[in-house]
2 protein chains.
Amino acid sequence: MSNNDAYKELQERMRDIHNLRAAAAVLEWDMEVNMPPKGAAARGRQLATLSALAHAQFIAPSVGTLIERAREHQDTLTDDARVLLRETAYDYQRAARIPEAFMRRFATARAAAYHAWIDARRQSKFSLFLPHLETLVSLSQEKAERLGYEGSPYNALLEDYERGMTVAQLDTIFGALAPRQRALAARIMNAPQQPELSWLEQTWSEEKQLALTERVLRDMGYAFDAGRQDKSAHPFTTNFSIGDVRITTRVDQRAFFSALFSSIHEGGHALYEQGFREEDEGTLLAEAPSLGMHESQSRLWENIIGRSLPFWRHYMSAARELFPGMLDSIAPEQAYAAANRVTPSLIRVEADECTYNLHIILRFELETALIEGALDAADIPAAWNEKMASWLGVEVPNDADGCLQDIHWSHGAFGYFPTYALGNLYGAQLFDAMSADIPDVMERVGRGEFADVLRWLRDNVHSVGRRKTALEIIEDVTGRQPSAAPFLTYLETKYAALYDLA
Amino acid sequence: MSNNDAYKELQERMRDIHNLRAAAAVLEWDMEVNMPPKGAAARGRQLATLSALAHAQFIAPSVGTLIERAREHQDTLTDDARVLLRETAYDYQRAARIPEAFMRRFATARAAAYHAWIDARRQSKFSLFLPHLETLVSLSQEKAERLGYEGSPYNALLEDYERGMTVAQLDTIFGALAPRQRALAARIMNAPQQPELSWLEQTWSEEKQLALTERVLRDMGYAFDAGRQDKSAHPFTTNFSIGDVRITTRVDQRAFFSALFSSIHEGGHALYEQGFREEDEGTLLAEAPSLGMHESQSRLWENIIGRSLPFWRHYMSAARELFPGMLDSIAPEQAYAAANRVTPSLIRVEADECTYNLHIILRFELETALIEGALDAADIPAAWNEKMASWLGVEVPNDADGCLQDIHWSHGAFGYFPTYALGNLYGAQLFDAMSADIPDVMERVGRGEFADVLRWLRDNVHSVGRRKTALEIIEDVTGRQPSAAPFLTYLETKYAALYDLA
């Protein structure tokens, strides 16, 4: 068998695995969007079969052999094929370190933990979740040992979500971020000028809200012939191919901004996935290199663009047309101020731009301590509540609205949280670079013209796929390493003006 | 390994295969109902992977070994387990006779034929489809040889759709059916009394039509918490588990009856699939024994119940409420007459109860002749048009509305058509038996009370699953073999009254 044959056979195997994963994604989308309640049990079994099959096919020793053979003669391959082979080998080596029996143990523990978490949250009783959290921490520590790491065992887990990132680097970045965000939030809380919000207390028709989201999504460049928007309890983006990238949104008739910002956020994710190269279809190259990089796209669109004054100057008239009589006396400046109101809150997913990262850093500190063995799971509620009080000045009244609010730990997903904050930082850093290339970018936003914004993101981020890591993309595009500085400058400038801070 | 272990392992393997097939069904449903156009190419590849995997897993020699071992000690199994083992062996033996290379050849030919058929139909040019039809006939003949048969090679193909049925038996049944249906249709055409249809020419709101279908589906007993109804170009029923049985319907604002009868028809299929036994979930026993038996359920509900006078006496008021002012002057008798208007037509799927089976018998005669080598594919248009003229008095103006109208042959699905007519016959035969057990069944229909109808079907048909063949069910439940007589009696009685025939 010549070297090219090995590569070709490897690609065929990988395509089957990709198709199994894509099928699972369709089943998951359907589960959130369409499935009747009585379909749940069988759907769980169907998903389990697909994921077990995909994993088994991937970690088969013959795949390792094919990778080795293909690598022996990789000089015969194109650049892209070499990169794809490198990425395949990277995934294979990590997956192969996790034996099937361990996978199953983890999956079983996770399923039990998830059900316990649902229960614990409903009853607001951390003790119901505690034994499961302990098990998942201990399994995650074992997983870290199996995967191998330098420095903190947390690094091994973080790698799954933000390849190449480390606790040490996050400590530096978050260390620069936290005090200035806390200080800014405190100044805003004490500002005499607070946004007027009473106009929001109207009933905003679901249908009209959806029409507004569709208008904005189209303007952003989201291709509805290669996707669709539906409703679901928790908004998300998924794709089954570059030609089928779907988003969901959540509509609340009492919340004017909720569907719009959900849709812009998911639209940012979706533009990324619609922007991979056609020739990468069905391969690992048609993937984002990290969750942080993925999140940078949603945050850039949602916050830097969607929560900007030029955006509201442009879309206010569309909103007024859709909601006749309801917004006539509301100036774009008022909508802008309301969309950016700052209130330290209990719940991460409801947090504003000024305080959001603090929720993340709190979780990051607690979960690194858990994984490094410096904190007992039993001490989580006290540690959580103490940080919420000292960082955000918020008293946590119960576990449900405290340490039980997020699903992530019940999924054993330690290392996931930091990517949300990194998304904010990457987004600001990329936007700075974009602004250097397109100096009048905010004027374009003010005209609802996003073509060049999208083109810039396509060229510099989307079309790269997994050819580079997130860290490499940030360095190549912005000329420096990931940093808190651009985000802090953006935040402080924006809010100083908004709240008239000296 | 003890005998029970072999059976258990076999069941585990079969569950995986079932889950792969269920996943494929989700992807197909999504393709018809939701998928954006640009998702089509990748979706085709995803489905190909799932079906190739399911087939490869099923025909693995180790499955044959497990079946043999489990059978050696089948006396240790429960009755149901023994039946399930028998059915698994039946499917395995048939599947194992088709080598993977042949499957792939057939799939490739089918894909090409399907595209050619789309083109040929659009251009109404049979010659474009002819070479593909020839290939599919020849491949189907090869398939019949591989599968083995007694009598006609068509029997081998028919077995896939209507197990145990033969050309000889169909010749007898259809031979009794065709002349009397032709005679009845002719008398109706000459009847002086024809239904008044001008009231149908109004615009029937899509939303209200859907509301009416939902009302009727609920009354029939369709469980919306174990299914859902969506719109699609061609109505169909699919299931991913007993708890997730979905139907689609087609709504045309100019056609009052279209969505309603589509929904009742698919609802009849869906009630079957919601009616399998919970303990059969995920096994071959939670399947209908044949397409004809499946179709008997849709036809019984759609025609015998939905196109009955008591049905319209009951639902007329609901329809009037939904369409205020549009039906005030229309008596239930008029709706009933309109729902049963007879007009010999070109298109099978638009045919009425009196002529529908004739369309089927035409196709059956042509496709048996093709498979038996008695007719050249090139002679299909002439043979088709001649039969349409002599049987139905209809001149076929072009191939698109003639021999190119149906998708089936382009899928290489020879042997499928007869099941539609058998569905009509089985339905009438079963309804006779039901009427003996529930003498006031039509009075119940007239009150919109379907609970006992459904219970009877659940007990006698649905819950049986694949424990018996369709032929066995018909014999056990009705006391005689499949026959044209009950259907002819039903048809002649109904239409004699409707058209005031002497």
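This is a predicted model: local features need pLDDT of at least 70, side-chain atom pairs count only at pLDDT 80 or more; totals for chains, interfaces and linings use all residues.
**Exercise 1. Which residue of β3(A) does N239(A) stand opposite?**

Residues are numbered from 1 along each chain as its sequence is written, with chains lettered from A and ligands numbered from 1 in the order in which they are written.

*Solution.* Start with the strands, which are DSSP runs of E, at least two residues, while helices are runs of H or I, at least four, all numbered from the N terminus. β2(A) and β3 (residues 244-249) of chain A run antiparallel, joined by four bridges. Strands count as paired if DSSP finds at least two bridges between them. Now look across from N239(A): the residue of β3(A) facing it is V245(A).

**Exercise 2. Work out how α16(A) and α20(A) are oriented to each other.**

*Solution.* First, take the axes, lines fitted to C-alpha atoms over the stretch in contact, with angles from 0 to 180 degrees between N-to-C directions. Those of α16 (residues 418-437) and α20 (residues 485-498) of chain A come within 7 Å and cross at roughly 85°. Next, the scale: under 35 degrees is roughly parallel, over 145 roughly antiparallel, 65 to 115 roughly perpendicular, and the rest oblique. So α16(A) and α20(A) are roughly perpendicular.

Last step: who touches whom? Contact means C-beta atoms, placed from the backbone, within 7 Å. α16(A) brings N424(A), L425(A), A428(A), Q429(A) and D432(A), and α20(A) brings P486(A), F487(A) and Y490(A).

Technical notes. Two residues are in contact if their C-beta atoms, placed from the backbone, lie within 7 Å.
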